[in-house]
Amino acid sequence: MVYVRKLKPIEVLSKDAREDIHLASLELLKEMGVKVYSKEALRILEESGAKVDQEKQMAYIPPYLVEEALKKTPKYVKLCARNPKYDVILDGKHICCSTDGTGMYTIDLDTGERRPSTKDDVAKSARIINALEDADLYYPLVTPLDFPKHAHVLHEFDAAINNLEKHFMSGATYLREEATYLIKMASAVVGGIEELRKRPIISAVACMMSPLILPLGETDAALEFSKYGIPVVPMTMPLLGATGPITPAGSVLIGNAQILAINTVIQMKYPGTPVIYSSFPLSMEMKTGAFAVSFPEADLVIAGHIQMARHYGMPNLAGGNIGSAKLPDEQAAYEKALCGLITVLAGGDICGTIGLLENYMVLSYEQLLIDYEMYRMMVKLAEGIDVNEDTLALDTIYRVGPEGHFMAEKHTLKHAKDVWAPLITDPRSHQAWKKEGGKSVVEVAREKVREILATHEPEPLDEDVKRELERIIKEGEENLPHRPHNP
């Protein structure tokens, strides 16, 4: 007989609670409505049966429309990579690792000082992700402030794709024109727009605004990506007590309603577009007004949104190793460990944000590897324990007996590669550690980063493709409008 025990995701929301949130979301969208600044989105909703007030830019979406859109939303999403061996399937059964962004500062690898981020930081961090076996997706960790800000999305893609064979997730695009140029660049890499339709090597984040606002640029950009079958990642970011209710249940509700609203717009226009439910809430310290991504209430909202995504059968990107610490220190360790673990155990499909400090603002190369190490440990815990004839090792135990050992047994050798192996964690004795220099984990991570950057060489792009990317960037710098104030 074979016994198999699989760890089920922890429940922060019961089935009844999930249904209550869903019904309350439908009520909000119908009765209170959602503010929609995109004329195209308003037209799509009105033509699909929603009540629309053009003057107030409000849409009142009936429940049947939301439900119809959910039926059209794919349950499985394939995130294609420049190198097909790195393709990722989001099927609700596996978890993958992603970065998140886009920070404005970097802790310099050489000086240890906090400085404005550069395009070189995007290139280096993408190369590191490409080298890490269990890192699956790259979302630009930082914004290149040494290049024109209005074209930063194009420079992020250029720096990343020259150092990355894995899937690229664009940071939030705030204008339809940005989406157009990014699509041109991705098409140049894969060999044309039709090839991009078949194998979208990019996906695109669309940040929503709380409470219940579909902003102009992000919504139009999401529709532009959807036109070509590129996965869209609507991201809700309620700040508990400010732009979202102070209670976790209330902020789960308002974020969920946002995701349902933008998904309805997308599916009514381009049915079958892959949509990835995304949540990165923040919580406020009520005495001072300071906010953090890593307070327990925010972590609970992340877990709640993950479980609402699973309730709908939608893939999700949420939370992960996030924190408000300013340095790779003890605060970073406990913030990131707790938020990362609940993201994994709640059933997250994409666990994000390795490498960033200070509420997504600062890249630390050392923290990138530390977070990656923690992520790998968390995933190992989430695997649970398989119990079957082989794993019970009953015959081996009989053979070894009370005074033997298992080191030379075939069973041990067979499963040796299944055992978690550290990348930067030091399990040695104090004496052995001291003999090798007594280095902290931050120092070890720094050395490992330098080793990766010195030795890892991703498959390069063809020279013709590089030149085409440069041409598109130049055109974009000349033609892209400077970003207006949202909404």
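A residue counts as buried when its relative accessible area is under 20%. In this predicted model, strand β10, spanning residues 167-170, is covered on both faces. His167 and Met169 lie on one side and Phe168 and Ser170 on the other, and all four positions are buried. This arrangement can be read against a general rule: in a regular strand, side chains alternate between the two faces of the sheet.

Strand β10 pairs with strand β9 (residues 137-138) through two bridges, and these strands run parallel. Within this pairing, Leu137 is located opposite His167 of β10.

## The four-stranded sheet

An open sheet is built from four strands in the order β8-β7-β21-β20, with mixed pairing.

Strand β7 (residues 105-107) is joined to strand β21 (residues 362-364) by three bridges, in parallel orientation. Thr106 faces Leu363 of β21 across this pairing.

## Packing of helices α6 and α8

The axes of helix α6 (residues 176-190) and helix α8 (residues 216-227) approach within 7 Å and cross at roughly 30°. Angles under 35 degrees count as roughly parallel, and α6 and α8 are therefore roughly parallel to each other. Their crossing is right-handed.

Helix α6 contributes Arg176, Ala179, Thr180, Leu182 and Ile183 to the contact, while α8 contributes Gly217, Asp220, Ala221, Glu224 and Phe225. Classified by type, the residues of this contact comprise five nonpolar, two polar and three charged.

Definitions and conventions:
Residues are numbered from 1 along each chain as its sequence is written. This is a predicted model: local features need pLDDT of at least 70, side-chain atom pairs count only at pLDDT 80 or more; totals for chains, interfaces and linings use all residues. Side-chain values use heavy atoms; hydrogens and water are left out. Axes are lines fitted to C-alpha atoms, for helices over the stretch in contact, and angles run from 0 to 180 degrees between N-to-C directions. Angles under 35 degrees count as roughly parallel, over 145 as roughly antiparallel, 65 to 115 as roughly perpendicular and the rest as oblique. A crossing is left-handed if the near helix is turned anticlockwise from the far one by less than a right angle, and right-handed if clockwise. Contact means heavy atoms within 4.5 Å. Ala, Val, Leu, Ile, Met, Phe, Trp, Tyr, Cys and Pro count as nonpolar, Asp, Glu, Lys and Arg as charged, and the others, Gly among them, as polar. Buried means under 20% relative accessible area, exposed over 50%, partly exposed in between (1.4 Å probe, protein chains only). Two strands pair if DSSP finds at least two bridges between them.
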